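Hello,

Here is the structure you asked to look at. My notes on what was found follow below it.

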Amino acid sequence: MSRSGAAKTRAWGRRDIAARAAAAVIGGYVVAAMATTCLAKVLPLARSEATAAATLLSFLFYTAAILWSFAAPSAVAAWVALVAVAGLAGIAGALAS
Amino acid sequence: MKRSFRQAMAWLHGWAGLLGGWALFMMFLAGTASVFKDEITAWMMPELPRAADPLVALEAAAARLGDVAPDAERWTITLPSERFPGTRIAWQPRADVTDLGPRTRREVLDAESGRVVTPRETRGGDLFYRLHYRFEISEPVRRGWWLSGAATMFMLTALATGLVVHRRFFRDLFTFRPGMGRQRSWLDAHLLLAVSLLPFHLAIAYTGLVPIMSTVMPWAVIANYGDERPALVQAADMDAARSAYSRDREDSTIRRHRAGRPAPLFDLRVLAERAGERLGGPIGSITIRNPNDANAVVEIVRKPGGELSNRPRRLYYDGVSGEPLAVSADIGPVAKVQAAMYGMHMARFAEPLLRWAYFLAGLASTVMIGAGLVVWTLKRRSQTERGRLSLVERLNVATLAGLPFAMAAYFWANRLLPLDMPERAAGEVRVFFAAWGAVLLYAALRPSRRAWIETLWLAAAAFGALPVLNALTTDRHLAASIASGDWLMAGFDLTAAATGAAFAFAGWRVARAVRGAPGPAAVHAAPSRERVEWPTPPS
């Protein structure tokens, strides 16, 4: 209910919200997909076990990425970090195969 | 530009909760009803006889299948239980002997005589089940899975942000203050239910992703079992990768090709008795592959119960000699965890007491989501956003009160639609959606406070009168059910009556609150121990 909370909220303009929401929904999914792919290849388990473990964990990554998209200091920072994590996971997965 | 982490999470909690809330309310309510899916179906088929000895039922079912489908690809016999009194049989005709393709045929049998019973055409509890996990979308089925997966991500987001916002939740747990102003008591109800059952909410949401995960998150399967095509292309058509994956994990299913030489089937009752001893529990279902063929295989599955896994233990026998067939080693630890998560979500194992606990916990989740949606509107009532607020309030009425009313209407349709009506089962479903749509329309036209009260009373009447309707339209009324110890029928009638009473109480409370409603100013002046700063929505 605080007035200051309301005042600060207005600092999140429509564009900012749209950019963060896109980061959360799309960027978060890509991060989860990349991390899952990477884990599926690098986990030291039988192939079917690694596949199941990576998929089971994927939704944790997705949730974390969604929270980050709105916790990041700015929408740009949100996107930069998500792209970096997805890229690193992608490279690691590609190297592992 | 910056705001604190908690403020950001509070903002996200409000919006993720609002935008996902209506779909989640439906998923949780329908999912809660699905806990009693078989029982609901049994109530909606009052023509079903009472349960009988499963072994007698098995013999009768095998005789019926031998008559009607002697050379089928596969028979499945689901034995009667305290959850569903009839024997359910299904068979898959051989693809090469019918023009209709390998479509599965189903029948319900009187457990004792094996006579085919033709109960009234109904989808029964299956409607709620389909609503729960795929929004009643049947074509293409995967679209429904994507929708429920997306809604689940809203749930996980709302739960995680809610945890951040209300991290001092043990204090919140003891701050239920009914009558302290409407916003406070709705918020307190929301918090109390959220905090006290937090492990349930988290576990039921996360495990709900397990059954659909290789559809909504197929990338690990593609990475390990895919081919050379780009991953995105494979995702659109990944049947090959999916079946390579399931072949790799399939540990214990024994499949044999049809030999083409007829051979008599071993006595199923004897096999069931042997298997029951080795499995240490009652038998739930039996599948016979290649019946009446030299390569027949009998798969006997333990009744779910006593173990969490969604894949109850099973034994295989040679269908001609009756000799047990060896099953290869255990599945891996991750596959076991996955099976346990799947099983935990589906609750097929739950014996009556635990089943009721699931039902009540599911109701608590549902009410938590509903209370959260109401809090959203009450927090903003004083603010100058009448247009959006009014839309949210109307959708709240249509979902929170309208959906339960539509469920009751579905039960009414089951008892009142003519038995010989063509496409009767679809007719019942149409009544369900029509009732829901009618409440939505009503809520759009009526002042929202009136719509709230009236729809709640409507739901109360529709549920409360169900036992009466049942007594008037069947001979299996509540008194008769109780007298004969038929707790399947009696349980439904009593639950419907209790649901009606709960809605009557809700209607009465809302009516009282509206009569004595403090104006927006009074709500604000009320002493607030709110520690969280709830930002306004963006304008």
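**Notes on chain B**

Leaving aside its neighbours within four places in sequence, F405(B) touches A435(B), V439(B), T455(B), L458(B), A459(B) and A462(B). Please keep in mind throughout that this is a predicted model.

Together with A408(B), A409(B) and A459(B), F405(B) touches the most other members of the largest nonpolar core, which has 142 residues. The element that gives the most to this core is α1(B), with 17 residues. A separate core of 34 residues lies apart from it, and A69(B), A72(B), I77(B) and I286(B) are among its members. As background, nonpolar side chains in soluble globular proteins tend to be buried together.

For the chain as a whole, 44% of the 539 residues of chain B count as buried. Chain B has 22 helices and eight strands. Of its contacts with a separation of 6 or more, 70% are between residues 24 or more positions apart.

**Helices**

Which helix does α1(B) pack against, and at what angle? Helix α1 (residues 5-34) of chain B packs against helix α5 (residues 141-165) of chain B at about 140°, and the two axes are 8 Å apart. Their crossing is left-handed. On the α1(B) side the residues that meet α5(B) include M9(B), L12(B), H13(B), A16(B), G20(B) and M27(B). On the α5(B) side they include A151(B), F154(B), M155(B), A158(B) and V165(B). By type, the residues of this contact are 14 nonpolar, seven polar and one charged.

Helix α4 (residues 126-134) of chain B has the buried residues L127(B), F128(B), Y129(B), L131(B), H132(B) and Y133(B). Just after α4(B) comes F135(B), with a positive phi of about 55°.

**The sheet**

The eight strands of an open sheet in chain B run in the order β4-β3-β2-β1-β5-β6-β7-β8, with antiparallel pairing. At the edges are β4 (116-117) and β8 (324-325) of chain B, each of which pairs on one side only.

Helix α3 (residues 54-68) of chain B lies across β1 (74-78), β2 (87-92), β3 (105-109) and β5 (283-289) of chain B, and runs at about 30° to β2(B). Helix α13 (residues 268-279) of chain B lies across β5, β6 (297-302) and β7 of chain B, at about 45° to β6(B).

Regards

Technical notes:
Residues are numbered from 1 along each chain as its sequence is written. Chains are lettered from A and ligands numbered from 1 in the order in which they are written. This is a predicted model: local features need pLDDT of at least 70, side-chain atom pairs count only at pLDDT 80 or more; totals for chains, interfaces and linings use all residues. Helices (H or I, at least four residues) and strands (E, at least two) are DSSP runs, numbered from the N terminus. A residue is buried if 20 or more other C-beta atoms lie within 10 Å of its own, exposed if 12 or fewer, and partly exposed in between; C-beta atoms are placed from the backbone. Two residues are in contact if their C-beta atoms, placed from the backbone, lie within 7 Å. Axes are lines fitted to C-alpha atoms, for helices over the stretch in contact, and angles run from 0 to 180 degrees between N-to-C directions. A crossing is left-handed if the near helix is turned anticlockwise from the far one by less than a right angle, and right-handed if clockwise. Ala, Val, Leu, Ile, Met, Phe, Trp, Tyr, Cys and Pro count as nonpolar, Asp, Glu, Lys and Arg as charged, and the others, Gly among them, as polar. A nonpolar core is a set of buried Ala, Val, Leu, Ile, Met, Phe, Trp, Tyr and Cys residues joined through C-beta atoms within 7 Å. Two strands pair if DSSP finds at least two bridges between them.
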